[in-house]
Amino acid sequence: MRKEVKKAKRIVIKVGTSTLIYPNGNINLAAIDQLAFVLSDLHNRGKEVILVSSGAVGVGMHKMNQTKRPTTIPEQQAIAAIGQGELMNIYNQRFNVYNQQIAQILVTRDVIDFPQSRRNVINTLEQLLAMGTIPIVNENDTVAIDELDHSTKFGDNDQLSAIMTNLIAADLLIILSDINGFYSANPTINPKAKMYQKVTVIDEMLMAQAGGAGSTFGTGGMYSKLQAALRIFETNSTMILANGNDPTIIFDILNGKEIGTLFKEEHS
(Lines give C-alpha, C1' and ligand atoms only; values in the text may rest on other atoms or scores of the structure.)
Protein backbone atom coordinates (compact mmCIF):
# COMPACT_ATOMS: atom_id res chain seq x y z
CA MET A 1 0.00 0.00 0.00
CA ARG A 2 1.37 3.39 -1.01
CA LYS A 3 0.33 5.54 1.94
CA GLU A 4 1.95 8.77 0.69
CA VAL A 5 -0.08 8.51 -2.53
CA LYS A 6 -3.37 8.11 -0.65
CA LYS A 7 -2.66 11.35 1.23
CA ALA A 8 -2.03 13.41 -1.92
CA LYS A 9 -4.30 16.46 -2.07
CA ARG A 10 -2.82 18.48 -4.94
CA ILE A 11 -2.32 16.30 -8.00
CA VAL A 12 -1.00 16.89 -11.51
CA ILE A 13 -2.17 14.35 -14.09
CA LYS A 14 -0.52 14.13 -17.49
CA VAL A 15 -2.17 12.29 -20.35
CA GLY A 16 -0.26 11.41 -23.47
CA THR A 17 -1.53 11.44 -27.03
CA SER A 18 -1.75 7.64 -26.91
CA THR A 19 -4.51 7.94 -24.29
CA LEU A 20 -6.51 10.46 -26.32
CA ILE A 21 -5.99 9.21 -29.88
CA TYR A 22 -6.54 5.68 -31.20
CA PRO A 23 -3.68 4.15 -33.24
CA ASN A 24 -5.81 4.68 -36.36
CA GLY A 25 -5.80 8.45 -35.72
CA ASN A 26 -9.38 8.76 -34.49
CA ILE A 27 -10.20 10.51 -31.22
CA ASN A 28 -10.74 8.21 -28.21
CA LEU A 29 -13.94 9.81 -26.93
CA ALA A 30 -14.44 7.07 -24.33
CA ALA A 31 -11.06 7.82 -22.72
CA ILE A 32 -11.71 11.57 -22.72
CA ASP A 33 -15.12 11.04 -21.12
CA GLN A 34 -13.65 8.73 -18.47
CA LEU A 35 -10.93 11.28 -17.79
CA ALA A 36 -13.50 14.06 -17.32
CA PHE A 37 -15.52 11.80 -15.00
CA VAL A 38 -12.52 10.78 -12.88
CA LEU A 39 -11.07 14.28 -12.50
CA SER A 40 -14.48 15.79 -11.72
CA ASP A 41 -15.02 13.15 -9.04
CA LEU A 42 -11.58 13.83 -7.55
CA HIS A 43 -12.52 17.51 -7.36
CA ASN A 44 -15.77 16.54 -5.62
CA ARG A 45 -13.67 14.68 -3.03
CA GLY A 46 -11.77 17.87 -2.26
CA LYS A 47 -8.67 17.17 -4.35
CA GLU A 48 -6.97 19.93 -6.32
CA VAL A 49 -6.32 18.71 -9.86
CA ILE A 50 -4.35 20.06 -12.80
CA LEU A 51 -4.45 18.24 -16.13
CA VAL A 52 -1.49 18.46 -18.50
CA SER A 53 -2.86 17.28 -21.82
CA SER A 54 -1.08 16.37 -25.01
CA GLY A 55 -3.03 15.68 -28.16
CA ALA A 56 -3.33 19.01 -30.01
CA VAL A 57 -1.42 17.80 -33.07
CA GLY A 58 -3.14 14.41 -33.03
CA VAL A 59 -6.61 15.98 -32.81
CA GLY A 60 -5.65 18.50 -35.50
CA MET A 61 -4.52 15.71 -37.79
CA HIS A 62 -7.85 13.98 -37.27
CA LYS A 63 -9.77 17.19 -37.91
CA MET A 64 -7.90 17.79 -41.18
CA ASN A 65 -8.03 14.12 -42.25
CA GLN A 66 -4.24 13.73 -42.17
CA THR A 67 -2.71 10.34 -41.45
CA LYS A 68 0.95 11.41 -41.39
CA ARG A 69 2.38 13.85 -38.86
CA PRO A 70 3.43 17.11 -40.61
CA THR A 71 7.18 17.54 -41.03
CA THR A 72 7.61 21.30 -41.46
CA ILE A 73 7.38 23.71 -38.50
CA PRO A 74 4.62 25.93 -40.01
CA GLU A 75 2.51 22.84 -40.79
CA GLN A 76 2.97 21.49 -37.26
CA GLN A 77 2.06 24.86 -35.76
CA ALA A 78 -1.04 25.18 -37.93
CA ILE A 79 -2.22 21.65 -37.13
CA ALA A 80 -1.57 22.25 -33.41
CA ALA A 81 -3.61 25.49 -33.54
CA ILE A 82 -6.53 23.69 -35.17
CA GLY A 83 -6.24 20.72 -32.82
CA GLN A 84 -5.92 22.74 -29.60
CA GLY A 85 -9.24 24.50 -30.21
CA GLU A 86 -10.97 21.25 -31.06
CA LEU A 87 -9.41 19.43 -28.08
CA MET A 88 -10.63 22.09 -25.63
CA ASN A 89 -14.05 21.97 -27.28
CA ILE A 90 -14.24 18.23 -26.56
CA TYR A 91 -12.96 18.69 -22.98
CA ASN A 92 -15.50 21.47 -22.36
CA GLN A 93 -18.30 19.29 -23.63
CA ARG A 94 -17.37 16.29 -21.48
CA PHE A 95 -16.58 18.21 -18.27
CA ASN A 96 -19.88 20.10 -18.60
CA VAL A 97 -21.69 16.77 -18.24
CA TYR A 98 -20.24 16.55 -14.71
CA ASN A 99 -20.81 20.26 -13.93
CA GLN A 100 -17.07 20.82 -13.69
CA GLN A 101 -15.55 24.11 -14.81
CA ILE A 102 -12.24 23.89 -16.66
CA ALA A 103 -9.72 26.49 -17.83
CA GLN A 104 -7.05 26.52 -20.52
CA ILE A 105 -3.44 27.55 -19.94
CA LEU A 106 -0.91 27.52 -22.79
CA VAL A 107 2.69 28.11 -21.79
CA THR A 108 6.16 28.26 -23.32
CA ARG A 109 9.48 27.58 -21.65
CA ASP A 110 10.59 31.20 -21.56
CA VAL A 111 7.42 32.11 -19.62
CA ILE A 112 8.47 29.70 -16.88
CA ASP A 113 12.11 30.80 -16.89
CA PHE A 114 11.39 34.55 -16.64
CA PRO A 115 10.72 35.39 -12.95
CA GLN A 116 7.82 37.81 -13.44
CA SER A 117 5.89 35.70 -15.94
CA ARG A 118 6.67 32.61 -13.85
CA ARG A 119 5.05 34.30 -10.87
CA ASN A 120 2.07 35.23 -13.06
CA VAL A 121 1.62 31.60 -14.12
CA ILE A 122 1.77 30.43 -10.49
CA ASN A 123 -0.71 33.11 -9.39
CA THR A 124 -3.12 32.16 -12.18
CA LEU A 125 -2.93 28.45 -11.37
CA GLU A 126 -3.42 29.08 -7.66
CA GLN A 127 -6.42 31.34 -8.35
CA LEU A 128 -7.99 28.82 -10.72
CA LEU A 129 -7.62 26.07 -8.11
CA ALA A 130 -9.09 28.36 -5.44
CA MET A 131 -12.06 29.00 -7.75
CA GLY A 132 -12.70 25.26 -8.02
CA THR A 133 -11.70 24.85 -11.65
CA ILE A 134 -9.52 22.19 -13.24
CA PRO A 135 -6.80 23.94 -15.28
CA ILE A 136 -5.87 22.14 -18.50
CA VAL A 137 -2.28 22.95 -19.42
CA ASN A 138 -0.50 22.40 -22.72
CA GLU A 139 2.57 23.77 -24.41
CA ASN A 140 1.80 26.65 -26.76
CA ASP A 141 2.88 24.72 -29.86
CA THR A 142 2.03 27.55 -32.23
CA VAL A 143 4.86 29.73 -30.88
CA ALA A 144 7.26 27.28 -29.20
CA ILE A 145 9.78 26.28 -31.87
CA ASP A 146 12.57 23.91 -30.93
CA GLU A 147 14.47 24.45 -34.16
CA LEU A 148 14.43 28.26 -34.05
CA ASP A 149 14.85 28.96 -30.34
CA HIS A 150 15.44 26.02 -28.05
CA SER A 151 14.77 28.12 -24.93
CA THR A 152 11.07 28.49 -25.79
CA LYS A 153 10.28 24.78 -25.83
CA PHE A 154 9.84 22.26 -22.98
CA GLY A 155 10.63 19.36 -25.31
CA ASP A 156 7.51 17.38 -24.43
CA ASN A 157 4.64 17.38 -21.99
CA ASP A 158 6.39 14.95 -19.64
CA GLN A 159 8.81 17.76 -18.82
CA LEU A 160 5.99 20.30 -18.71
CA SER A 161 3.98 18.20 -16.25
CA ALA A 162 6.99 17.83 -13.93
CA ILE A 163 7.67 21.57 -14.10
CA MET A 164 4.00 22.29 -13.29
CA THR A 165 4.20 19.87 -10.35
CA ASN A 166 7.18 21.77 -8.98
CA LEU A 167 5.69 25.21 -9.72
CA ILE A 168 2.58 24.67 -7.61
CA ALA A 169 4.22 22.34 -5.06
CA ALA A 170 1.89 19.45 -5.94
CA ASP A 171 2.04 16.29 -3.85
CA LEU A 172 1.89 13.89 -6.76
CA LEU A 173 2.39 13.66 -10.52
CA ILE A 174 0.62 10.85 -12.38
CA ILE A 175 1.84 10.29 -15.94
CA LEU A 176 -0.53 8.15 -17.99
CA SER A 177 1.21 6.56 -20.95
CA ASP A 178 0.75 3.59 -23.29
CA ILE A 179 2.84 1.31 -21.07
CA ASN A 180 2.18 -0.21 -17.65
CA GLY A 181 5.25 1.28 -16.01
CA PHE A 182 9.02 1.55 -16.35
CA TYR A 183 10.68 -1.64 -17.54
CA SER A 184 14.24 -2.97 -17.54
CA ALA A 185 13.92 -3.28 -21.34
CA ASN A 186 11.30 -2.69 -24.02
CA PRO A 187 8.55 -5.22 -23.11
CA THR A 188 7.13 -5.21 -26.64
CA ILE A 189 10.30 -6.83 -28.00
CA ASN A 190 11.82 -8.41 -24.90
CA PRO A 191 9.53 -10.87 -23.06
CA LYS A 192 12.03 -11.04 -20.16
CA ALA A 193 11.72 -7.32 -19.43
CA LYS A 194 10.63 -6.72 -15.85
CA MET A 195 8.65 -3.77 -14.58
CA TYR A 196 9.99 -1.79 -11.66
CA GLN A 197 7.46 -1.27 -8.85
CA LYS A 198 9.54 1.53 -7.36
CA VAL A 199 12.48 3.64 -8.51
CA THR A 200 14.43 5.55 -5.88
CA VAL A 201 17.62 6.32 -7.81
CA ILE A 202 18.02 7.35 -11.45
CA ASP A 203 21.51 6.50 -12.66
CA GLU A 204 23.22 5.96 -16.01
CA MET A 205 22.20 2.30 -16.12
CA LEU A 206 18.53 3.19 -15.72
CA MET A 207 18.84 5.90 -18.37
CA ALA A 208 20.36 3.33 -20.73
CA GLN A 209 17.33 1.09 -20.20
CA ALA A 210 14.99 3.89 -21.30
CA GLY A 211 13.70 3.51 -24.84
CA GLY A 212 13.60 5.96 -27.73
CA ALA A 213 10.78 7.79 -29.45
CA GLY A 214 7.12 7.50 -28.49
CA SER A 215 3.97 6.94 -30.52
CA THR A 216 3.22 8.08 -34.08
CA PHE A 217 1.03 10.93 -32.87
CA GLY A 218 3.04 11.91 -29.77
CA THR A 219 6.61 12.86 -28.93
CA GLY A 220 7.50 11.36 -25.53
CA GLY A 221 9.38 8.15 -24.80
CA MET A 222 10.68 6.42 -21.67
CA TYR A 223 13.74 8.66 -21.59
CA SER A 224 11.55 11.74 -21.20
CA LYS A 225 9.68 10.01 -18.35
CA LEU A 226 12.97 9.59 -16.49
CA GLN A 227 13.88 13.22 -17.14
CA ALA A 228 10.53 14.19 -15.64
CA ALA A 229 11.20 11.96 -12.63
CA LEU A 230 14.55 13.70 -12.08
CA ARG A 231 12.71 17.01 -11.86
CA ILE A 232 10.31 15.49 -9.35
CA PHE A 233 13.25 14.26 -7.27
CA GLU A 234 14.55 17.83 -7.08
CA THR A 235 11.55 18.92 -5.01
CA ASN A 236 11.12 15.66 -3.07
CA SER A 237 7.75 15.02 -4.69
CA THR A 238 6.33 11.74 -6.00
CA MET A 239 5.61 10.52 -9.51
CA ILE A 240 3.75 7.48 -10.80
CA LEU A 241 3.97 6.17 -14.37
CA ALA A 242 1.03 3.98 -15.35
CA ASN A 243 -1.02 2.83 -18.32
CA GLY A 244 -3.63 5.38 -19.39
CA ASN A 245 -5.66 2.99 -21.55
CA ASP A 246 -8.42 3.20 -18.92
CA PRO A 247 -8.25 6.55 -17.06
CA THR A 248 -10.30 5.13 -14.17
CA ILE A 249 -6.99 3.56 -13.13
CA ILE A 250 -6.40 6.91 -11.40
CA PHE A 251 -8.93 5.86 -8.72
CA ASP A 252 -6.92 2.71 -7.95
CA ILE A 253 -3.65 4.65 -7.93
CA LEU A 254 -5.01 7.16 -5.42
CA ASN A 255 -6.36 4.33 -3.28
CA GLY A 256 -2.74 3.31 -2.77
CA LYS A 257 -2.73 0.21 -4.96
CA GLU A 258 0.65 -0.89 -6.33
CA ILE A 259 -0.04 0.11 -9.90
CA GLY A 260 2.61 1.30 -12.35
CA THR A 261 6.04 2.48 -11.29
CA LEU A 262 6.44 4.81 -8.30
CA PHE A 263 9.32 7.31 -8.52
CA LYS A 264 10.34 8.63 -5.12
CA GLU A 265 13.86 9.57 -4.13
CA GLU A 266 14.96 8.09 -0.82
CA HIS A 267 17.18 10.18 1.41
CA SER A 268 19.58 8.43 3.73
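Contact here means heavy atoms within 4.5 Å. The model is predicted.

**Exercise 1. Decide whether Lys 14 is buried or exposed, and find the side chain with which its own side chain makes a polar contact.**

Solution. 
- Lys 14 belongs to strand E1.
- Its relative accessibility is 6%, so Lys 14 counts as buried.
- Residues up to four places away are not counted in the next step. Lys 14 then touches Val 52, Ser 54, Asn 157, Asp 158, Ser 161, Leu 173, Ile 174, Ile 175 and Leu 176.
- The side chain of Asp 158 makes a polar contact with that of Lys 14, at 2.9 Å.
- An unreviewed UniProt entry lists Lys 14 under "binding site".

**Exercise 2. Explain why helix H8 is described as largely enclosed.**

Solution. 
- H8 covers residues 157-167.
- Ten of its eleven residues are buried, so the rest of the structure largely encloses H8.
- The buried residues include Asn 157, Asp 158 and Ser 161. Lys 14 touches these three residues.
- Look past the helix. Ala 169 follows H8 and has a positive phi, near 50°.

**Exercise 3. Describe the setting of Ser 177 and its polar contact with Asp 178.**

Solution. 
- Ser 177 lies in strand E5 (residues 172-177).
- Ser 177 counts as buried because its relative accessibility is 7%.
- Leave out residues up to four places away in sequence. Ser 177 touches Ser 18, Thr 19, Met 222, Lys 225, Leu 241, Ala 242, Asn 243, Gly 244 and Asn 245.
- The side chains of Ser 177 and Asp 178 are joined by a polar contact of 3.2 Å.
- Compare with the record. The unreviewed UniProt entry lists Ser 177, Asp 178, Met 222 and Lys 225 among its "binding site" positions.

Methods. Residues numbered from 1 in each chain as written. Predicted model: local features only at pLDDT ≥ 70, side-chain atom pairs only at ≥ 80, totals over all residues. Heavy atoms only, no water. Buried < 20%, exposed > 50% of the residue type's maximum accessible area, 1.4 Å probe, protein only. Helix = DSSP H or I, 4+ residues; strand = E, 2+ residues; numbered from the N terminus. UniProt positions renumbered as here; feature names shortened; annotations may be inferred. Polar contact = N/O pair within 3.5 Å; in protein donor to acceptor, adjacent residues only side chain to side chain.
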